[in-house]
Amino acid sequence: MFQIATERMILRDWQSGDFADACLYAADPEVSRYMEWGPNSERETRDFVYGAIDSAREKPRRAYELAVELKAEKKVIGGIGLAIKDPGYSTGFLGYAFNRDYWGQGLCSEASLEMLRFGFEDLELHRVFATCDTRNDGSRRVLEKCGMRREAHFLEDSHIKGAWRDSYLYAILKREWLLRAV
Ligand SMILES: CC(C)(COP(=O)(O)OP(=O)(O)OC[C@H]1O[C@@H](n2cnc3c(N)ncnc32)[C@H](O)[C@@H]1OP(=O)(O)O)[C@@H](O)C(=O)NCCC(=O)NCCS
């Protein structure tokens with residue numbers, strides 16, 4: 001099983017036994033407020049967990065869709081993913097969602113920094129990007145705390161939950177990451 005660790009968390013492959021913990025946050029409308037998905041039914045969350053398990057078997061692996069386990073509680077409190085979509089295997093897309101009970105403790109920033117380290121140092125990516133709804137202050141702050149630059153503000157680029165929404169595109173290059181890490 002793939003896993004990497006931060007001070008407070010283990011970021012690891014999803015397992016079928018994580019389903020109940022995943023339902024806790026994926027069914028919460030506040031968690032999926034700015035997302036294309038959700039709030040999830042149990043079936044949708046099961047499909048997500050099994051989809052992540054399947055994608056981990058792909059070779060070469062293109063999706064690191066990981067469960068976030070809090071060491072102190074041995075509980076899955078969210079998900080974080082790095083997806084490589086370009087044929088040249090050089091660009092990663094970062095995404096995450098955490099259980100609301102654990103927001104505001106710096107956990108997503110800690111996990112995201114480890115995913116960037118993994119992407120640049122282990123996968124040798126050239127660039128990692130992420131998008132967020134312009135109203136999603138928590139996500140925007142996480143990306144800025146990780147040293148990502150805002151590259152674009154897209155106007156009404158997606159139609160989510162019955163309304164057009166604006167989004168920001170954030171990115172960081174490997175050379176910027178290395179400078180940041182000095
Ligand atoms: C985005 C999310 C993962 C952030 O998780 P988190 O663990 O609370 O993030 P952190 O604690 O690392 O917070 C980073 C910063 O954002 C701030 N922040 C967190 N949630 C916030 C909120 N709802 N509103 C305003 N600021 C917020 C924190 O105070 C912190 O800033 P600071 O260091 O200047 O104090 C979490 O809010 C979440 O799961 N949201 C729903 C899913 C989602 O929107 N995913 C992103 C899709 S693009």
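The legends below describe close-up views of a predicted model. Because the model is predicted, local features are reported only where pLDDT is at least 70 and side-chain atom pairs only at pLDDT 80 or more, whereas totals for chains, interfaces and linings use all residues. Residues are numbered from 1 along each chain as its sequence is written.

**View 1. Leu125 in the loop between helix H3 and strand S6.** Leu125 lies in the loop that runs between helix H3 (107-122) and strand S6 (127-133), where helices (H or I, at least four residues) and strands (E, at least two) are DSSP runs numbered from the N terminus. Leu125 counts as buried because it has 22 C-beta neighbours inside 10 Å; a residue is buried if 20 or more other C-beta atoms lie within 10 Å of its own, exposed if 12 or fewer, and partly exposed in between, with C-beta atoms placed from the backbone. Leaving aside residues up to four places away in sequence, Leu125 touches Ser90, Thr91, Gly92, Gly119, Phe120 and Lys174, contact being defined as C-beta atoms, placed from the backbone, that lie within 7 Å. Leu125 and Arg141 are 16 residues apart in sequence, and their C-alpha atoms are 23 Å apart in space.

View 2. Most residues other than glycine have a negative phi. Glu124, in the loop between H3 and S6, has a positive phi of about 60° although it is not a glycine, and it counts as exposed because it has 10 C-beta neighbours inside 10 Å. Tyr89, in the loop between strand S4 (75-84) and strand S5 (91-98), has a phi near 55°, and it is partly exposed, with 15 other C-beta atoms within 10 Å.

View 3. Most peptide bonds are trans. The bond from Gly38 to Pro39 is cis, with omega near -5°, and Pro39 lies in the loop between helix H1 (19-26) and helix H2 (42-55). The bond from Lys59 to Pro60 is also cis, with omega near -5°, and Pro60 is placed in the loop between H2 and strand S3 (63-70).

**View 4. The largest nonpolar core.** This core, a set of buried Ala, Val, Leu, Ile, Met, Phe, Trp, Tyr and Cys residues joined through C-beta atoms within 7 Å, has 39 residues, and those with the most contacts inside it are Val68, Phe98, Ala111, Leu116, Leu143 and Met148. Helix H3 gives the most to this core, with 6 residues. Ala111 touches Thr6, Met9, Leu11, Val68, Ile80 and Tyr96, not counting residues up to four places away in sequence.

How values were computed: Two residues are in contact if their C-beta atoms, placed from the backbone, lie within 7 Å.
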